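Hello! Here is the structure I promised to pass on to you. Have a look at it first, and then read my notes below.

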Amino acid sequence: MRDINVVETKELISRAKNGDSIAFGKLYELYFVPVFRYVYIRVGKRVVAEDIASEVFLKAFGAIGQYEDRGQPLLAYLYTIARNATIDYLRKKREVRIDNVGEIESQEKIEDSVQSREDGQILIRAMNVLSDEAREALTLKYISGLKNAEIAKIMGKSEVNVRKIQSRAIKIMKVTINER
């Protein structure tokens, strides 16, 4: 995601609220990849992640008129929609697989990516032992780059609980990795 300043985002949101579909299209271009990555880590299937991410933006487009800036970035709002859509999908399908995370990244440096993929597979296997809640907390923190305050709002938890969940998850992952 390219860097975008708050003023530019607010301007695009304002234009989108006034019916400017081109402005919403720019928001889509800016935020689709992080939303897709978040969903992909949760569902593990590229096609499903694309469908859910698209659904997120359809819902956001339909509700953009009611969107209110409450001091959180638009991405936090989109993650909340993505979280709910992903939970709905997982409840219906009852299948959670995480594989091929490397598909998300570009293939520009194939030689360098071999070791990264092996390391990534180790991390993925370690994440698979975590609860959905712990996996989500780590994904939002380390893949999406959100602050704990933002994660707490998205997950409906206190910052202290989010930190505890993350800390426990990291300890579990360390043990899992060391056992392999």
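**Helix 6 and its neighbours**

Helix 2 and helix 6 are roughly antiparallel to each other, because their angle is over 145 degrees, where under 35 counts as roughly parallel, 65 to 115 as roughly perpendicular and the rest as oblique. Before going on, a word on the source: this is a predicted model, in which local features need pLDDT of at least 70 and side-chain atom pairs count only at pLDDT 80 or more, while totals for chains, interfaces and linings use all residues. Residues are numbered from 1 along each chain as its sequence is written, and side-chain values use heavy atoms, with hydrogens and water left out.

The axes of helix 2 and helix 6 (residues 132–143) come within 10 Å and cross at roughly 150°. Here axes are lines fitted to C-alpha atoms, for helices over the stretch in contact, and angles run from 0 to 180 degrees between N-to-C directions. Helices (H or I, at least four residues) are DSSP runs, numbered from the N terminus. The contact (heavy atoms within 4.5 Å) brings Tyr38, Ile41 and Arg42 of helix 2 together with Asp132, Arg135, Glu136, Thr139, Leu140 and Ile143 of helix 6. By class, this contact of helix 2 with helix 6 has four nonpolar, one polar and four charged residues. For these classes, Ala, Val, Leu, Ile, Met, Phe, Trp, Tyr, Cys and Pro count as nonpolar, Asp, Glu, Lys and Arg as charged, and the others, Gly among them, as polar.

Helix 6 also packs with helix 7 (residues 148–155), at an angle of about 140° and with the axes 10 Å apart. That angle makes helix 6 oblique to helix 7. On the helix 6 side, Glu133, Glu136, Ala137, Leu140 and Lys141 make the contact, and on the helix 7 side Asn148, Ile151, Ile154 and Met155. Five of these residues are nonpolar, one is polar and three are charged.

With helix 8 (residues 159–179), helix 6 packs at about 100°, their axes being 9 Å apart. Helix 6 and helix 8 are therefore roughly perpendicular to each other. The contact of helix 6 with helix 8 has eight nonpolar, one polar and two charged residues.

**A cavity**

The whole structure was also searched for cavities, a cavity being a set of points on a 1 Å grid over the protein atoms alone where a 1.4 Å probe fits but cannot get out. One cavity of 30 Å³ or more turned up. The largest cavity holds about 50 Å³ of space, a volume being the space filled by probe spheres set on the points, which are joined across faces, edges and corners. Its lining residues (an atom within 4 Å of a point) include Phe24, Tyr31, Phe57 and Leu78. Helix 2 gives the most to this lining, with four residues. By class, the lining has nine nonpolar, no polar and no charged residues.

Methods: On a 1 Å grid over the protein atoms alone, a cavity is a set of points where a 1.4 Å probe fits but cannot get out, and a pocket is an open set with protein on both sides within 12 Å along at least five of seven lines; lining residues have an atom within 4 Å of a point. Helices (H or I, at least four residues) and strands (E, at least two) are DSSP runs, numbered from the N terminus.
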